[in-house]
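Trainee: Could we go through this model together? I would like to learn how to read it.

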Amino acid sequence: MGDRARGILMWLAVVGVVVFCLFPFYWLINTSLKTGSDLNSASLVPPNLSFDNYTSIFEDSNFTKALRNSIIVSAMTTVCALIVGSFAGYALARLRFRFKFLLLAIILSITTFPPIAIAAPLFKLWTDTGIYDTIVGLIPPFLAFTLPLTIYILASFFKEIPRELEEAALVDGATRFQAFRRVVVPLSGPGLVTAGLLSFIWAWNEFLLAITLTSSPNARPVPPALAFFTGSQKFEVPLGTITAATVVVTVPLVILVLVFQRRIVAGLTAGAVKG
Amino acid sequence: MADIKLEHITKRYPDGYEAVKDMTLEIRDGEFVILVGPSGCGKSTALRMVAGLEPISEGELKIGAQTVNELEPKDRDVAMVFQNYALYPHMSVRDNMGFALKLRGADQSDISRKVDEAAHILDLDEHLERKPSQLSGGQRQRVAMGRAIVRDPAAFLMDEPLSNLDAKLRVQMRTEVSRLQQRLGTTMIYVTHDQTEAMTLGDRVAVMRAGVLQQVATPMELYNRPRNIFVAGFIGSPAMNFMPATVEGEHIKLPVGDVRMPPELRERAGRADGRPLLAGIRPESFEDAALVGDARDRGCSFTAKIEVLEAMGSELYAHFTTEAGERIESPELQELAADAGAGEVPNTGDEGQITARLDPASKVRQGEEAELWVDATKLHLFDPESGRNLTAGD
């Protein structure tokens, strides 16, 4: 096989994979731009291009409330995960204590836990304590699932930072915490971004716990809210508005990932030590 | 500025290993002291204890009049330069150098004035706004020094600061460090495994081995009157030659021949009569017998087959082998041989390898027999068991 033929074959394969992966998203956007009877047509482009679905979901207070709830819950989860995770990760990376490996294994094993296992007990507990159907009530269980990965990612980033940098800061007059905040944390930028992004996406997409622990539009984030979608008119098939809402909640994630992609890849520690 | 006192300092790890054993060392205000020894001898650990990065297991550490055992590094007012420089990669050179002052809450204008001053001394003026990653090895090294200078600390601690530089730059920076210390007059402890650095830099040199301080003295004192086999073999390049020796009356029997002992040597080594000893001879104590002239009766002549001859221009290094004779075991010799992998190859007594430094006027040729001469007044005699130098007279 010549180089040329091999090149063509490779590109065909790439195009095939890309189409396979992205076609559902294309169909989503396609559907969101159709209205009325067009929704039933299988045409690859909307016969009558319309943004009605988009305008109608933003007029729907249930959707805007859900969007607000999602933003608050995801952002709070991310911030808390990063704060707690960086302390825990730092301890795991730097301190010497017994059963460290076992501890890390237990923390990581939590991620393999099915959320349904804790959904029912949490529902009972949350109704008893009165934080059922509140935004605040969603954050602790979300943290439980995002923290393990955050801790793991941050610990491995902290481990890569030369100990001498911290020691230099200590001798320069920093306290342990100052050395951590002014030297370790800034150098772990890519790790913080990666961990933060993953927690944010997890919280943003979470459905099961969100639908179990909320009952009203006041606390319900977007994924469960979509399940309750009725559309602007009572008897309309809400397919158009659901797809429009889905596009609206997907776009921020795509933008986030694209913006931070370079930062995740960038090696920030270049030049720290001789190398 | 202050003096530093280590009093019976010991570092013991949880597994019982002692990295530093009962170390007592006093460094006077403004003095430049070198800690030198092979890798793993505890010199870096000792320095880190002074910096406060390593807790002290036993003993007392004083900086100035204050006991600082329990003080955090930030409260000890010492500056440290690390082997890999440890520059903060996310800060510019200016911020790196000003970091300590900023932490101390100094005035912004004050910080930039001091940083500019230090940058000027170190010739870093044009690089202040750059990041460490954009600098060369030598420049990074200077930034690391600058970070220490800016603070005007009680003492500088240097942990092998030049070992990451290439050979040429290292020699250049060595003079730079020396000049800097003289200019600032700040107490400095400098750790290195390179005996050349130790000899050329310090006011005093402390030689360490296996966590124990061997000898603390000026470079010339260490060279001329090493207290034991280890110091004798470690200091000097090429290293001192060792060979078995026995004292018999007024003579010392060496593998190269019998030497009549000079009176002062006989006096000191008198009690060692008949016991197997180890003789240490510096390469420059040999000479081409044809060039010795009047001094001939100070030593003895012998013939040796020159195996390798290195002409350095200003001197000749002749390598030859003596008959092995009886083997003499000494733990210190073994350690020196093990360390030799790092560069300086000492000649161990067992193998009988001798290096002689000759005058370049010598007509000695490689592969031929030559008549050499050894100066008996420069002989060192060691007790192979204790390692003690019988001729140092302390």
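**Domains, sheet and cores**

Mentor: Chain B is assigned domain 1 (4-229) and domain 2 (238-382), with bounds taken from an automatic or database domain assignment. This is a predicted model, in which local features need pLDDT of at least 70 and side-chain atom pairs count only at pLDDT 80 or more, while totals for chains, interfaces and linings use all residues. Residues are numbered from 1 along each chain as its sequence is written, and chains are lettered from A and ligands numbered from 1 in the order in which they are written.

Trainee: What distance separates the centres of domain 1 and domain 2 of chain B?

Mentor: The centres, taken over C-alpha atoms, are 37 Å apart. Six residues from domain 1 of chain B and nine residues from domain 2 of chain B make the contact; two residues are in contact if their C-beta atoms, placed from the backbone, lie within 7 Å.

Trainee: Which residues have the most contacts inside the largest nonpolar core?

Mentor: They are B:Val50, B:Leu157, B:Ile189 and B:Ala279, in a core of 140 residues. Such a core is a set of buried Ala, Val, Leu, Ile, Met, Phe, Trp, Tyr and Cys residues joined through C-beta atoms within 7 Å. A residue is buried if 20 or more other C-beta atoms lie within 10 Å of its own, exposed if 12 or fewer, and partly exposed in between, with C-beta atoms placed from the backbone.

Trainee: Why does this core lie between the domains of chain B?

Mentor: Domain 1 (4-229) and domain 2 (238-382) of chain B both give residues to this core, so it lies between them.

Trainee: And what does B:Leu157 touch?

Mentor: Leaving out residues up to four places away in sequence, B:Leu157 touches B:Leu47, B:Val50, B:Ala51, B:Val78, B:Met80 and B:Ile189.

Trainee: Changing topic, in what order do the strands of the open sheet in chain B run?

Mentor: The order of the six strands is β6-β7-β8-β3-β9-β10, with mixed pairing. Strands (E, at least two residues) and helices (H or I, at least four) are DSSP runs, numbered from the N terminus, and two strands pair if DSSP finds at least two bridges between them. The edge strands of chain B are β6 and β10 (212-217), each pairing on one side only.

Trainee: How many bridges join β3 and β8 of chain B?

Mentor: Strand β3 (residues 32-36) and strand β8 (residues 187-192) of chain B pair in the parallel sense over five bridges. B:Leu35 of chain B stands opposite B:Val191 in β8(B).

Trainee: How many residues of chain B are in contact with chain A?

Mentor: 24 residues of chain B are in contact with 22 residues of chain A. On the chain B side, β6 (78-81) and α2 (93-103) each supply at least two residues. That side has 16 nonpolar, five polar and three charged residues. Ala, Val, Leu, Ile, Met, Phe, Trp, Tyr, Cys and Pro count as nonpolar, Asp, Glu, Lys and Arg as charged, and the others, Gly among them, as polar.

Trainee: Why is α2(B) described as largely enclosed?

Mentor: Eight of its eleven residues are buried, so α2(B) is largely enclosed by the rest of the structure. The buried residues include B:Met97 and B:Phe99, and the buried residues of α2(B) pack against α3 (108-121) and α4 (137-150) of chain B. Just after α2(B), B:Gly105 takes a positive phi of about 80°.
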